Amino acid sequence: MDMERSAVRFGSGTFAFAVSMFTAVGVLAAPAAGAAQSKAPVSGLIAVEGPMTGEQASTGIDMADGAAVAIAQINAAGGVDGVQLKLLKLDDKATAAGGIAAERKAVASGAFAVVGPFNSSVGVANLSLYKKAGLPIVRLTSSVKTEGFGVTTQPMDSQVAPIEINEITQVLHAQRPAIIYDTSTYTAGIAKQVKAGLAKAGDPAVAMVSVTSTQTNYASALSKVAASHPGLLYISAYGAEAGAIAKAASTQNTGKCFVDLAAQGPDFVTAATQPVAAACLSSGVPSAQQFAGASQYVNTYQSLFHTSPGTWGTFTYDSVEILAAALKQAGWHQKAASTALDHIRSYQGITGPITIAPSTGNRVQSTVVILDVNSAGNYVIDPQWAAATGFPLPTGG
């Protein structure tokens, strides 16, 4: 069951598109407070779960907005088998407890399928619950611990780590690398993979120091790192936390700054400050503006929300689109739709081609790149890396 699409199609006019979008999702479905009883799945009701409040709110809001653009486009084209899609926004606050509560709300509301969560630590807590409830899942988690629970359009840590290790050892030729990492599921997992890869490459980490997401002072952790006299500091933490670490490290002798993709987004740049962020290299994914297939998405998003799209909305857009493709193949049957998702093949999304490996639910194609932060505080693909790998930059990119 191959799912294929040759092109991305948007509405014929921005005004008409906006009207259709807000007609479709202007009143977001929401469960009643304290709802506990499960409902039969409601055809058309799609849950999108992410951190929509708290320190990672910019990511969750961008996810919901990316989903809204996809849903409006699908509805404008007649829906799925004549069924108009509705968006159910679920805020998990980037916590395991929030994720469990979100899953309960999804089931109590009769959500047919779920896109999300984003955080791997949340997915470890609730993806098995979604699967047990029978919902087709398009997760946005990247830890190998979430493999087998639905499918994903995002890169996995097992795809990210080799690119980071190669950049550190073969491009930067960094000696005496040190690692500072958050103890969350994804960030701890990728840090351990990078440590193992560095050792295998003959450049073992001289320090590996953990921090937690509740910390606000990193002086002690950075003191331990600096004492090892590193030539490079690898930071594996989310957004504002990673930015705060990078800013504090910039005044110490910790070497070149290299940041994992978990941090990618405006929160990192704001917390680090633009000069510090610009001094760091990052692994990540192209911004919406630098995905060659996403130019119309960017224009529509800006028109509707009066802001530029964030990092992960494009992946949420594609997640909703492959879900719709699976539903068109399988009909409004949850088990069949889950099977169809496992067999998505050569689907042309705005983030590039998407083929799912049925054994894991992971996307076969890696979208991981090496990024710089420019003078405007925006992420751009590192041109030296792009030239070396043959990565196709969009015109003007």
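Modeller: Two strands count as paired if DSSP finds at least two bridges between them. Keep that in mind, as this is a predicted model.

Colleague: In which sense do strand 5 and strand 6 pair, and over how many bridges?

Modeller: In general, strands of a sheet pair through backbone hydrogen bonds, either parallel or antiparallel. Here strand 5 (residues 137–139) pairs with strand 6 in the parallel sense, over two bridges. Look at valine 138: its bridge partner in strand 6 is valine 151.

Colleague: What is the order of the strands in the open sheet?

Modeller: Five strands form it, in the order 3-2-4-5-6, with parallel pairing. Strand 3 (86–91) and strand 6 (151–152) stand at the edges. Each has a single partner strand, so one side of each is left without a neighbour in the sheet.

Colleague: Next, disulfides. Which cysteines form one?

Modeller: A disulfide is a covalent bond between the sulfur atoms of two cysteines. The whole structure has one. It joins cysteine 257 and cysteine 280, with sulfur atoms 2.1 Å apart. Cysteine 257 lies in strand 10 (residues 256–259) and cysteine 280 in strand 11 (residues 280–284), so the pair ties together parts 23 residues apart in sequence. The link is right-handed, with 90 degrees about the S-S bond.

Colleague: Is cysteine 280 buried or exposed?

Modeller: Buried means under 20% relative accessible area. Cysteine 280 has 3%, so it counts as buried. Cysteine 257 is buried too, at 14%.

Terms used. Residues are numbered from 1 along each chain as its sequence is written. This is a predicted model: local features need pLDDT of at least 70, side-chain atom pairs count only at pLDDT 80 or more; totals for chains, interfaces and linings use all residues. Side-chain values use heavy atoms; hydrogens and water are left out. Helices (H or I, at least four residues) and strands (E, at least two) are DSSP runs, numbered from the N terminus. A disulfide is a pair of cysteine sulfur atoms within 2.5 Å. Buried means under 20% relative accessible area, exposed over 50%, partly exposed in between (1.4 Å probe, protein chains only).
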